[in-house]
Amino acid sequence: MLGVEDATVERGRLYSYDIGFSFAGETRKIVEAVSAEMKAEDVVTFYDYDQQAFLLALDLEKTLGRVYAESCRYYLVFLDKNYREKVWTKYEKDVMTRRGSREGHIIPVLLDDVGAEGAVGISATIGRIDLRDVWTEIQKAGAVTTDAKNAIRNRCVLPMLEKLDAASDAV
């Protein structure tokens with residue numbers, strides 16, 4: 001791009017959201033917990049339930065295509081056994097991993113061993129957040145316990161805050 005490095009362009013880009021979430025509906029309980037912890041830290045997130053009014057009467061394919069291509073600085077992709085099978089998660093993943101798209105913006109969050117194997121198009125060698133034990137605990141308890149909340153904060157929220165701070169320092 002006219003002798004300007006991609007990293008320079010990326011640092012100067014403005015985003016509508018700090019973090020977007022991609023997940024299968026079966027994992028909503030843990031995504032809601034992560035979203036709540038992020039919001040408590042003033043992180044601007046794209047979480048579908050928070051955006052219902054915005055999404056009404058819009059062509060979801062076009063709108064979500066734009067959101068998952070360019071509107072979020074980072075994407076937390078919650079990988080579990082259901083992620084590969086859902087129509088919308090396939091669509092979101094395809095948009096995020098499209099050839100020529102941004103690099104270093106997808107952060108896999110592992111929720112089970114199938115998710116640990118990765119999703120087609122999301123390399124298993126990308127640095128990731130492992131919440132398999134937390135997700136198992138939430139499923140057994142039927143709720144997000146205090147221990148689960150603490151683990152989410154320590155393993156997911158705090159590292160993302162550091163990553164966001166480092167990205168904003170680079171601008």
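The model is predicted, so local features need pLDDT of at least 70, side-chain atom pairs count only at pLDDT 80 or more, and totals for chains, interfaces and linings use all residues. Residues are numbered from 1 along each chain as its sequence is written, and side-chain values use heavy atoms, with hydrogens and water left out.

Start at Ser-22. This residue lies in strand β1, residues 17-22. Helices (H or I, at least four residues) and strands (E, at least two) are DSSP runs, numbered from the N terminus. Is Ser-22 buried or exposed? Ser-22 is buried, because its relative accessible area is 0%. Buried means under 20% relative accessible area, exposed means over 50%, and partly exposed is in between (1.4 Å probe, protein chains only). Contact means heavy atoms within 4.5 Å. Leaving out residues up to four places away in sequence, Ser-22 touches Tyr-68, Leu-76, Val-77, Phe-78, Tyr-83, Glu-92 and Met-96.

Now look at the cores. A nonpolar core is a set of buried Ala, Val, Leu, Ile, Met, Phe, Trp, Tyr and Cys residues joined through side-chain atoms within 4.5 Å. The largest one has 30 residues. Phe-21, Ile-30, Met-38, Leu-76 and Phe-78 have the most contacts inside it. Two or more residues come from each of β1, α2 (28-40), β3 (72-79), β4 (106-110), α7 (132-141) and α8 (146-169). Helix α8 gives the most to this core, with nine residues. Apart from this core lies another, of 17 residues, among them Leu-79, Met-96, Leu-110 and Ile-122.

Next come the rings. Rings of Phe, Tyr and Trp (its six-membered ring) pair if their centres lie within 6.5 Å; planes under 30 degrees apart count as stacked, over 60 as edge-to-face and the rest as tilted. By this rule there are eight aromatic pairs. Tyr-17 and Phe-46 form an edge-to-face pair, 5.2 Å centre to centre with 75 degrees between the planes. This pair links distant parts of the chain: Tyr-17 is in strand β1 and Phe-46 in strand β2 (residues 45-46), 29 residues apart. Both Tyr-17 and Phe-46 are buried.

Tyr-47 and Tyr-49 have ring centres 5.9 Å apart and planes at 50 degrees, so this pair is tilted. Tyr-47 counts as buried because its relative accessibility is 3%. Tyr-49 counts as partly exposed because its relative accessibility is 44%. Ring pairs link Phe-21, Phe-23, Tyr-47, Tyr-49 and Phe-78 into a cluster.
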